Amino acid sequence: MATNVIMPQFGESVVEGTISRWLVQEGDAVDRLTALMEVSTDKVDTEVPAPASGVLLKIYYPEGSTVAAGTVVALIGQPGESLAGPLPAPPPPTLEVREEAPPPPILEAREEARPPRPARDLGRISPIVARIAREHQVDLHQVPGTGRDGRITKKDILAYVEGRDQAAPVPASLPDEAPGQPTAAPAPLAPGPALDEELVPFSRLRRLIADHMVLSKRTSPHVTTFMEADLTAVVAHRQAHRAELAAAGVELTYTPYFLQAVLAGLKAVPQANAMWRDDGLLLRRRYHIGMATAVPDGLLVPVIHDAGDYSLQGLARKVNDLARRARAGQLQPAEIQGATFTVTNHGTSGSLFATPIINQPNTGILGVGAIQKRAVVISRGHPIEPSAEDYLAIRPMVYLSFTFDHRVLDGASADHFLMTVRQALEGWPRPA
């Protein structure tokens, strides 16, 4: 019996996806869970696996089609199996509550009144489309929609804004001009730097990152606190166990150590693992840690769900796998959603300090700087006053930055979290 290939639901707010590319053609043999097509949404580009093994009997939607979630897009069966029945219809539309109302139309001054025109039914407007319209003062009735039933997608409104901004308005006459008087010839335009400049269009991922960063700064009052940690114990532990894990096919980087230290901090300060809501603070009892990962076009944040259930070796294996597939563009939508806290290692390129932007709707994000050998004062007496027992030592040091939502955490609780992270790193069990 033939198996339907369904357009998946890519998150709660994503109601459709665009088929970027079919990876197999009609008549090709496919295995279950092998990549069948590439799909692009407002949140992620991903591959959709085949739900069954067999032959791709029929493709109902070509590349470039935008299809509602739940729609049958293809059919998998056995060689020679006939296609019974017409094209499966998409699921009936459901009544949806709008998260944001579209902005009101922009009123333009006119010397003569125009008769009112019938308003176009805009249908459902996603929050991101409504925000872009509000920021750029766009009348959504002017934007042609290419989504299902004429729905306006993010791509539609960005294309409209770009086209509008590139169109240079030419005034019909100067306001101080008197009728019948000759006008002076306009001065010739100075040659522009067209040959010295190049407009590079933004990639889709870069636009998504930009929108997310701007939204975060507007949502949360950001505050960043810094501490310095001595990684002597961590470095010794890694040196003692790196070869052992490499033999098991696992590369032991420093990231798993920071993840386990973050888990200690989240357990000490549960509010750091919470989400601000208008009706209260939502405390999360499970720890889903996002790890910011550089990819060719920008940045992705794959998520280690239930990170508290992993050992150090398990975290190392998970970090290796997610980072590799993030750079190869092979992450599934669920693997970049649901983070309750985020870690970003900006020190991989030599950066010492940073003030990371919170990954909404998280309460905080930990920034890890470059690990460097530095001369530090080791004190066995008073931590500040001079002591005869003070001495200098060369230690591997790292700066930690914790950016937090000041609506949820105050300075004392944020410092308690970061101090716990620091103590977990400095007190790491030394190898026997």
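M37 stands opposite V48 in β5, in a predicted model where local features need pLDDT of at least 70, side-chain atom pairs count only at pLDDT 80 or more, and totals for chains, interfaces and linings use all residues. Residues are numbered from 1 along each chain as its sequence is written, and side-chain values use heavy atoms, with hydrogens and water left out. The chain holds 7 helices and 19 strands, these elements being DSSP runs numbered from the N terminus (helices H or I, at least four residues; strands E, at least two).

**The open sheet**
- Strand β4, residues 35-40, pairs with β5 in the antiparallel sense over 5 bridges, where pairing requires that DSSP finds at least two bridges between two strands.
- These two strands belong to an open sheet of 4 strands, which follow the order β5-β4-β2-β7 with antiparallel pairing.
- Because β5 (45-49) and β7 (66-68) stand at the edges, each with a single partner strand, one side of each is left without a neighbour in the sheet.
- From one strand to the next the twist averages 45°.

**The β10-β11 hairpin**
- Strand β10 (residues 274-277) and strand β11 (residues 280-283) run antiparallel and are joined by 4 bridges, while the hairpin connecting β10 to β11 passes through 2 residues.
- Within this pairing, M275 has L282 in β11 as its bridge partner.

**The α5-α6 packing**
- Two packed helices are described by the angle between their axes and the distance between the axes.
- Helix α5 (residues 255-268) packs against helix α6 (residues 312-327) at an angle of about 120°, with the axes 9 Å apart; axes are lines fitted to C-alpha atoms, for helices over the stretch in contact, and angles run from 0 to 180 degrees between N-to-C directions.
- The two helices α5 and α6 are therefore oblique to each other, given that angles under 35 degrees count as roughly parallel, over 145 as roughly antiparallel, 65 to 115 as roughly perpendicular and the rest as oblique.
- On the α5 side T255, P256, Y257, L259 and Q260 meet L312, L315, A316 and V319 of α6, contact meaning heavy atoms within 4.5 Å.
- The residues of this contact of α5 with α6 divide into 7 nonpolar, 2 polar and no charged.

**The chain overall**
- Of the 432 residues of the chain, 39% count as buried, that is, under 20% relative accessible area with a 1.4 Å probe and protein chains only.
- Among contacts in the chain between residues at least 6 apart in sequence, 65% join residues at least 24 apart.

Key: Ala, Val, Leu, Ile, Met, Phe, Trp, Tyr, Cys and Pro count as nonpolar, Asp, Glu, Lys and Arg as charged, and the others, Gly among them, as polar. Buried means under 20% relative accessible area, exposed over 50%, partly exposed in between (1.4 Å probe, protein chains only).
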